[in-house]
Amino acid sequence: ARKTHRQTLEKQVRDRTKELVKSLEKEKELNELKSQFMSIASHEFRTPLSTILSSVSLLSHSNTEEHQAKHNKHIRRVQSMVKNLTTILNDFLSLSRLQEKEIKTEPAFFDIIQFSRNVIEDMQTVAKDKQKLSYQHIGKVENIETDPHILKNILINLLSNAIKYSKENTTIELITQLTNNQLTIRIIDKAS
């Protein structure tokens with residue numbers, strides 16, 4: 001009976017130890033996710049916020065009627081960046097989706113050329129002095145079906161890195177190509 005009681009106690013200790021190890025592993029994973037979240041959020045928010053600040057600054061320095069067209073352009077840019085930030089924030093705030101590595105996509109059919117030109121125009125406002133962003137599309141196919149929010153975040157991320165690591169007075173190129181329902185994106189920068 002003593003042997004059975006001892007075996008039962010040893011089994012309970014082993015089971016409890018396994019539970020504690022699992023709990024520690026989950027806590028470690030959660031801390032890693034929080035760290036990743038902070039790193040990604042910091043990086044992803046920096047570019048849109050810079051664009052918003054730049055556009056608001058330009059708006060505050062020119063308030064005559066002759067500048068109305070420029071005002072409207074900057075207002076649209078601010079609205080676009082705020083929407084982009086909201087999308088990113090919504091993606092990140094759901095910790096359970098991050099833990100489950102489940103991100104829902106919302107595919108849409110759109111013109112990749114116009115889409116990419118809009119992203120380039122937005123990103124030009126945060127480029128360094130005399131940095132130029134150019135865009136080229138290869139091929140006849142222009143329409144794509146994918147999640148525009150995710151694609152925009154990818155382009156912003158790639159272009160912001162190219163801007164950050166390229167020298168002033170250089171050209172950063174974005175090239176898209178659609179072949180057999182596959183999108184190829186190339187960023188050519190001048191890393192310093």
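Analyst: We can begin with the overall architecture and then turn to the charged side chains.

User: What kind of model is it?
Analyst: This is a predicted model, in which local features need pLDDT of at least 70 and side-chain atom pairs count only at pLDDT 80 or more, while totals for chains, interfaces and linings use all residues. Residues are numbered from 1 along each chain as its sequence is written, and side-chain values use heavy atoms, leaving out hydrogens and water.

User: How many helices and strands does the chain have?
Analyst: The chain has five helices and five strands. These are DSSP runs numbered from the N terminus, with helices (H or I) of at least four residues and strands (E) of at least two. Along the sequence, the pattern is α-α-α-β-α-β-β-α-β-β.

User: What percentage of the residues is buried?
Analyst: Of the 192 residues in the chain, 28% are buried. Buried means under 20% relative accessible area, exposed means over 50%, and partly exposed lies in between (1.4 Å probe, protein chains only).

User: Moving on, how many salt bridges are there?
Analyst: The count comes to three salt bridges. A salt bridge is a side-chain nitrogen of Lys or Arg within 4 Å of a carboxyl oxygen of Asp or Glu.

User: Which residue does Asp15 pair with?
Analyst: Asp15 forms a salt bridge with Lys11, and their closest N and O atoms are 2.9 Å apart. Both residues lie in helix α1, four residues apart, which is about one turn of the helix. Asp15 is partly exposed at 30% relative accessible area, and Lys11 is also partly exposed, at 44%.

User: Where do Asp122 and Lys152 lie?
Analyst: The side chains of Asp122 and Lys152 meet in a salt bridge at 4.0 Å, N to O. This pair links distant parts of the chain, as Asp122 is in helix α4 (residues 112-124) and Lys152 is in helix α5 (residues 148-165), 30 residues apart.

User: Is Asp122 buried or exposed?
Analyst: Asp122 counts as buried because its relative accessibility is 9%. Lys152 is buried as well, at 16%.

User: Finally, where is Lys18, and is it buried or exposed?
Analyst: Lys18 is located in helix α1 (residues 2-61). Lys18 is exposed, since its relative accessible area is 57%.
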